[in-house]
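Reader: I have not seen this structure before. Please take me through it by question and answer.

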Amino acid sequence: MIVLPIAVPLVAAALSLLLSRWRTAQRAISVLTCVAVVVLATVILFEADANTAIVSQLGGWPAPFGITLIADRFAAIMLLISSIMTVVVLVYALGQLDDEREFRLHFHPVYLVLSAGISASFLTGDLFNLFVAFEVMLIASYVLITLGATRGQIRAGMTYVVINLLASTLFVAAVAFIYAATGTVNMAQLAIRLAELPDGLRTALGYLLLVVFGVKAGIFPLFFWLPDSYPAAPAPVTALFAGLLTKVGVYTLIRTQTLLFPPGGGSSQVILIIAGATMLIGVLGAIAQNDIKRILSFHIISQIGYMIFGLGLFTLAGIAGAVYYIVHHIVVKTSLFLVGGMIETASGSGTLRNLGGVARRAPVLGLLFLTAAFSLAGLPPFSGFVAKLALIQEGLDLQRGGIVAVSLLVSLLTLFSMTKIWGGAFWGKPQDVKGVIDGTERPLTMKLNPLMLGATTVLVGLSVVISVAATPLYALSERAAETLVDRQPYIEAVLGPDQVALP
Amino acid sequence: MRSSLILDTVTRGAFPLVLVFSLYLLFVGHNAPGGGFVGGLTAGAAFVLLYAGGGIQRVHEVVPMRYENVLGAGLLLAGVTGLGSLVLGEPFLSSAIVKWHPPLLGEIKLVTVLFFDIGVYVIVVGMVIALLTVLGAYGDDPDRMPSMVDRPATTRRDRRGIRRTRQ
């Protein structure tokens, strides 16, 4: 059952290729598949929540010899939220992409392969197939980030491809080292065997994976590729990458650090320092930028700091906070990028200097942006407030005053840079770059594509739902964190009841 | 692109041989080194040889299909093989084994995972054809840019208000 979110999009991608001359069929296949994955993910989440984890051994070969797929609560939550994002962004893309990009350059099959890769990254139960899933996802993302092949995209795409290839090489080397040291790549068995290794070796392997997934997640000091490459892609692609792809990195970071390399007792000082630096550098970068997409890209980095903060605390409440934060962040960040993309599509520029008066020209965009921006900054009663409150409370309980102070300061600076976008783009005299280029008078009201507006509204609505339903969602995050902190259920689900990990 | 007589003649003989060897690799892959990916790469090399001898037209003469269809067919075959076992209530990609004893040939063992491998083989061949079609068209005729990156012409006014058509 849990193989379906991976297999169905792949088969759909095949059909989409075969029907690549029938545009309506391609669109229908993509939409139906993405919706089907949401339904599957919902069922998986309910089952995983009831049974702690569901496991499937591919081809019937038993673990640790075969390929294991496992959906515990954390994986199931990530699967559901990511599948919802793919639906929303797909609808937005149908409104935004021109025919050239959408059909001649094969957006649809590639998008479906990307969706399969993301699902596989969440569901895989062994380290080597995690690498395979990452590659499926990344190769699709290389195509999407250069979709249209403009000069800027090729330049930015080069950075993106080279950095990711380097990280992937390091990843596969790390898997080889781990296999050499333990004789297995099955994560449940690794959890047992890594604990038997000498401390020095274990720490080295742990940090190697920290670097690998750190590059993918964009943590300090490995984030430099991110704000450079993301803004170049078409708006829906940037939104999906910003919302999801770095979070797949964070997911694997949390998965490997909790399951394979739990710090012996208490918080991890190194991860907390990285978290603080990531938050601060990211937000300072954002303040220095003058382009909507670039400001938002730097914010991704700063926000990832908060998730790593939760991981670094390494307590039940800390990790639960991180899980909730990821869910909140994916929704809010994607919707901010979608709003930014609409402004750019409608007025021809994302640079603040060229923009103005959007709040008067399209009040609905102002409302959507403010809701998402306040949530990102963590103003009550939005979802960001709940997420940050959880982390900061736990930080104070553990007497980690430094990181708490940093995170509060960063929240303030986040709000500041959001007001910068607001002041530059939404207030002021209505300006329109397209109007200047065409030499035509353009109507005061902005023309918005109904598909794009609809998708964005649904997403901002979802972020409101996340804040309203904070109590049950936070409870779910806590249950997810339980299986992350106590690794026994995961190991037993994969290997059977008689396997025990050393503490 | 100018075709080379010697290369073209050699290719006519070598192409079927390489293809047969690639099929051999595909079929022994279950228990010995080989398999769909390796077999597909070998067949792909045969198509590159064909391209080097007679240009992209030769490749299209041999495989008169759009590369999208080749890729799609391979992926569909591989995916449906995996899902088939799911329909029968077994885990994804479980394979059934059929043993068969025809006269003279000894034992023939057919494993359903072979269809998955054939799918992989077709995908790899399709990918090579896609590369030759998209990038190779440029090698044939440097004046023609790769068609994947062609952009429709747009007209805009420059700073002095003169209409300019941009390719």
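Reader: How many residues of helix 5 of chain A are buried?
Author: This is a predicted model. In it, helix 5 of chain A covers residues 107-123 and reaches 24 Å from its first C-alpha to its last, close to the 24 Å expected at 1.5 Å a residue. The helix is mostly covered, and the number of buried residues among its 17 is 16.

Reader: What distance separates the end C-alpha atoms of helix 21 of chain A, and what should the helix span?
Author: Helix 21 of chain A takes in residues 470-485, and its buried residues include A:Ala470, A:Tyr474, A:Ser477 and A:Leu484. It has 16 residues, so at 1.5 Å a residue it should span 22 Å. The end C-alpha atoms agree with that, being apart by 22 Å.

Reader: Is A:Phe314 buried or exposed?
Author: A:Phe314 lies in the loop between helix 13 and helix 14 of chain A. Its phi is positive, near 55 degrees, although the residue is not glycine. Its relative accessible area is 13% and the cut-off is under 20%, so A:Phe314 counts as buried.

Reader: How does A:Thr52 count at its relative accessibility?
Author: A:Thr52 is in the loop between helix 2 and strand 1 of chain A. It also has a positive phi, about 70 degrees, without being a glycine. Its relative accessibility is 24%, which lies between the cut-offs of 20% and 50%, so A:Thr52 counts as partly exposed.

Reader: Where is A:Pro221, and what is omega for the bond that joins A:Phe220 to it?
Author: A:Pro221 sits in the loop between helix 9 and helix 10 of chain A. The peptide bond from A:Phe220 is cis, with omega about -5 degrees.

Reader: Which loop holds A:Pro381?
Author: A:Pro380 and A:Pro381 are joined by a cis peptide bond, with omega near 5 degrees. The loop that holds A:Pro381 is the one between helix 16 and helix 17 of chain A.

Reader: How many residue pairs are in polar contact between chain A and chain B?
Author: The contact takes 26 residues from chain A and 25 residues from chain B. The two chains bury about 2,000 Å² between them, 67% of it on carbon and sulfur atoms. Salt bridges between them number zero, while the residue pairs in polar contact number two.

Reader: Which helix gives the largest share of the side of chain A that touches chain B?
Author: The elements giving two or more residues to that side are helix 1, helix 4 and helix 19 of chain A. The largest share is nine residues, and it comes from helix 1.

Notes: Residues numbered from 1 in each chain as written. Chains lettered and ligands numbered in written order. Predicted model: local features only at pLDDT ≥ 70, side-chain atom pairs only at ≥ 80, totals over all residues. Heavy atoms only, no water. Contact = heavy atoms within 4.5 Å. Buried area = accessible area lost by both parts, 1.4 Å probe. Salt bridge = Lys/Arg side-chain N within 4 Å of Asp/Glu carboxyl O. Polar contact = N/O pair within 3.5 Å; in protein donor to acceptor, adjacent residues only side chain to side chain. Helix = DSSP H or I, 4+ residues; strand = E, 2+ residues; numbered from the N terminus. Expected span 1.5 Å × (residues − 1). Buried < 20%, exposed > 50% of the residue type's maximum accessible area, 1.4 Å probe, protein only.
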